[in-house]
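Hi,

Here is the structure I promised to pass on.

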Amino acid sequence: ETVTSNLANNTNGLEDIMNLTAHAFFQQALSDFIQYCINGQDQDFELVLKNVRKSSLYFKKIGDVRLGNITSALIALVLVFRERSTWYVVGKTSEKLINNRIWRTYLRYLALEKSIVEFWPSQLIAIQHGLLVSQESFIVQMPTSAGKTFVAELAILAALTEHDNSKCLYIAPFRALVNEVEAK
């Protein structure tokens, strides 16, 4: 109502429309981001960038320095996120894995149920060293709470989806960890 009233009175109507447009592009970018996290489609990620850039441009045009700076910083964060996202990293690691129905279902599950949409630096290092695709054995040594159990889960999934009729035996040194893994 404010916008239409301002348009009728010729006061700040264009600025209001540009402000609403900036917010609309920002909201669309957030929606596209959620879709990317759930489905891993490159076109959704490209829409995130496109819409947050448009939002930033409109905020800057109307002189909203605060939101212009926030959206500019968000562009940089989104680009960093891409390099760490579960979909991008698994896809970059192996086309076979990312096209596997079980892996796609698992990555969706991680996003929707566990809110896991990106890897931590320690997990990235393990994956970049071939944890998911190598036939070699690995010893993963990381500090407490650095993501060892999750890395083990990824390695197990990779091995189980690679070989038909394969089985896994998971041994942990503490009951609490065994209970945690079993509960997942």
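At what angle do helix α4 and helix α5 pack, and how far apart are their axes? Keep in mind that this is a predicted model. Helix α4 covers residues 65-84 and helix α5 covers residues 86-93, and the two pack at an angle of about 45 degrees with their axes 5 Å apart.

As for who touches whom, α4 brings Arg-82, Glu-83 and Arg-84, which meet Thr-86, Tyr-88, Val-89 and Lys-92 in α5. Sorted by class, that contact has four charged residues, two nonpolar and one polar.

Next up is Asp-44, which sits in helix α3 (residues 42-61). Asp-44 is buried but has no salt bridge. The nearest side chain of opposite charge belongs to Arg-104, and that is 8.5 Å away. Setting aside neighbours within four places in sequence, Asp-44 is in contact with Asp-32, Gln-35 and Tyr-36.

The last one is Ile-127, in helix α8 (residues 121-128). Buried or exposed? Ile-127 counts as buried, because its relative accessibility is 2%, and the cut-off for buried is under 20%. Again leaving out neighbours within four places in sequence, Ile-127 is in contact with Val-89, Thr-93, Phe-119, Leu-132 and Leu-154. Val-89 is also one of the α5 residues that α4 meets. Ala-155 is 28 residues from Ile-127 along the chain, and their C-alpha atoms are separated by 9.0 Å.

Cheers

Notes:
Residues numbered from 1 in each chain as written. Predicted model: local features only at pLDDT ≥ 70, side-chain atom pairs only at ≥ 80, totals over all residues. Heavy atoms only, no water. Axes fitted to C-alpha atoms, helices over the stretch in contact; angles between N-to-C directions. Helix = DSSP H or I, 4+ residues; strand = E, 2+ residues; numbered from the N terminus. Contact = heavy atoms within 4.5 Å. Nonpolar A, V, L, I, M, F, W, Y, C, P; charged D, E, K, R; others polar. Buried < 20%, exposed > 50% of the residue type's maximum accessible area, 1.4 Å probe, protein only. Lys, Arg positive; Asp, Glu negative; His and termini not counted. Salt bridge = Lys/Arg side-chain N within 4 Å of Asp/Glu carboxyl O.
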